[in-house]
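Biologist: Can you put the structure up? I'd like to go through some salt bridges and a helix pair.
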Amino acid sequence: MSSTYCVLNYLTLENVTKTYGEKVLFRDINLQISKGQKVALVAKNGTGKSTLLRVIAGIDAPEGENAKILLRRDVKVAYLEQDPDLYHGHSVLEAVLDSDNPMVQAVKTYERALLLGAGHEEMEAVMARMDDLKAWDFEARVKELISKFGITDFNQTISSLSGGQRKRVALVRLILDEPEFIILDEPTNHLDLDMIEWLEEYLRNPNITLFMVTHDRYFLERVCNQIIELDRGQLFRYSGNYVDFLEKKALRRENESAEMEKLGKLYKRELDWVHRSPQARTTKAKSRVDGFYEIQEKVSQRVDNTELQIDIKGQRLGKKVLECYNVRKRFSDMPIVEDFSYKFKPGERVGIVGPNGVGKTTFLKMLTGETRPDSGRVVVGGNTVFGYYSQDGMAFKEDKRVLEVIQDIAEFIPLEKGQKLTATQLLERFLFSRPQQQVYVSQLSGGERRRLYLLTVLMENPNFLILDEPTNDLDIVTLNVLEDFLLDFPGCVLIVTHDRYFMDKLVDHLFVFEGKGQIKDFNGDYTEYREAAKLRERDQRRQDRADQQQAKQQTAPAPSAGLSYEQRKELNRVEKEISRLEERKSEIEQQFATPDLSPERITELAKQLAEVKSAIEDKELRWMELAERE
């Protein structure tokens, strides 16, 4: 007897269409998302990913007579857009507490009462409400979470924040609201690596249903169990994570190519028949003519396998590339760089990691000469030509056409062996078709602007590329091609990025910004660095535990009698049980990433995980009791 379960639909789309001017972004698409699913949407830049999210969130209206968007009414939905609209007059704390959540409202009222100096009776009523909702811990959690996302001044106004900081404030507000169905547009942009890993763990919660756009491939791999591709205005669904998606997409493209080849041959035969057919049509002939036009429509929908082509080669580097001698830089009393010395070698690929605000961008500007160090020297080699892709990007004139932007730099660019490309040909290689080259900059998507900016940087023919957050807003297809280009690039590459996949694929070693101006050179990629850091953290926790135990022994009124033989055996047994339970915890957490989990299975795994965590806590308490007697 087979078991059955009820799938709870959170979202249903039927026959939804959306156009942008004459361009059809998607036509008559259908989509269902059920409770517990974690779905990622991937597509090339400019094909309508963000628009689809806005349609689902109810911000943009769908098109089509039969279009339907059904969101389950009893489910709490939250949407985080790329550029959140926050009230500029609010403080950070006010913006975070701008929610209908009863606990959030209680904290908001309490904070306002403190600020305005409320009377005794009013204050008692406010505090009683906090007691009823058990909101005291929640208030501490609010401030802890804001700090975790890199904002320490809770009274800072929204108008004074950068775009990235505003997005983090909006993300904190979303998390505190505890939604069941979350819609996210590029959630990892403007987050440092520690924040991304925290968010990754949060979104893996089995009680959260997720639909998001992201280019972060590790995020896709570890969080999502389904991937939907928007391609030529239609949706294609793949179960599994990012690796499964790549394999199944390649198979789909292969099948489509074979099918198109068959249709092409059939089309030629039918075209010959239409040309030869008599004027007087029989019913059967008319049916065949109708069939011909159906084939013609399918053949006209060619599979677009066009990919970005980057074959611009950098100039040759000399023996002296870039050298730093005892470089120091401070802002007010905050050290950014303290006594940094390093000699770059030709062909080096270096990643830079560290929390937001620690001075990574300032460091890059010192290397290029845009910012002067307080002391020390930065010596640039005579043949070194920088190509600096900055986080802020290029300030394009909105009323310029795409082709004009490139022609203002150069009408053509020289290649190897005396060859050259015109501005039009160069843009085509960067996936700007000839019609799109006539589009105004104001009409480009964020990813298309980034792609255009990247082209302007590479046109300078650099041999030392400095890339500050190059992955923001770029689609996965473009990222793959950019990675392949950088792997073959003969010059030096220095990268600041929150994209762990991008960094692991490219860098040989890391400059780790540890704070207070200290920069450590780590020999390895980001994953190796994180594994080493986790080992250090674990060793530090053990050392802290040992130090605490030693301190207790030193302050104890009488010497401990020590453990008996049986207690020592129990201590060893408890240590092994803790280790076994930690392994079981990891196994259960990994199972949450399994595609197509039923709601029943999700509930069962969540129960098992809670039991294991409780058992670990009990065993650790017992271990500490026994350890204190040693």
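Modeller: What follows covers charged pairs, then helix packing, in a predicted model.

Biologist: How many salt bridges does a search of the whole structure find?

Modeller: The search finds 29. One of them joins Glu 111 and Lys 143, with the closest N and O atoms 3.4 Å apart. Glu 111 lies in helix H3 and Lys 143 in helix H5, so this pair ties together parts 32 residues apart in sequence.

Biologist: Is Glu 111 buried or exposed?

Modeller: Glu 111 is buried, because its relative accessible area is 18%, under the 20% cut-off. Lys 143 is partly exposed at 28%.

Biologist: What does Asp 216 meet in a salt bridge?

Modeller: Arg 500, at 3.4 Å from N to O. The two are 284 residues apart: Asp 216 sits in the loop between strand E7 and helix H8, and Arg 500 in helix H17. Both Asp 216 and Arg 500 are buried.

Biologist: Which residues are linked in a network of salt bridges?

Modeller: Glu 229, Asp 231, Arg 232, Lys 249 and Arg 252.

Biologist: Back to H5. At what angle do the axes of H5 and H6 cross?

Modeller: Roughly 150°, and the axes come within 10 Å. That angle makes H5 roughly antiparallel to H6. The crossing is right-handed.

Biologist: Which residues make the contact?

Modeller: From H5, Phe 138, Arg 141, Val 142, Leu 145 and Ile 146; from H6, Val 172, Ile 175 and Leu 176. By type, the residues of this contact are 7 nonpolar, no polar and 1 charged.

Note on methods:
Residues are numbered from 1 along each chain as its sequence is written. This is a predicted model: local features need pLDDT of at least 70, side-chain atom pairs count only at pLDDT 80 or more; totals for chains, interfaces and linings use all residues. Side-chain values use heavy atoms; hydrogens and water are left out. Axes are lines fitted to C-alpha atoms, for helices over the stretch in contact, and angles run from 0 to 180 degrees between N-to-C directions. Helices (H or I, at least four residues) and strands (E, at least two) are DSSP runs, numbered from the N terminus. Angles under 35 degrees count as roughly parallel, over 145 as roughly antiparallel, 65 to 115 as roughly perpendicular and the rest as oblique. A crossing is left-handed if the near helix is turned anticlockwise from the far one by less than a right angle, and right-handed if clockwise. Contact means heavy atoms within 4.5 Å. Ala, Val, Leu, Ile, Met, Phe, Trp, Tyr, Cys and Pro count as nonpolar, Asp, Glu, Lys and Arg as charged, and the others, Gly among them, as polar. A salt bridge is a side-chain nitrogen of Lys or Arg within 4 Å of a carboxyl oxygen of Asp or Glu. Buried means under 20% relative accessible area, exposed over 50%, partly exposed in between (1.4 Å probe, protein chains only).
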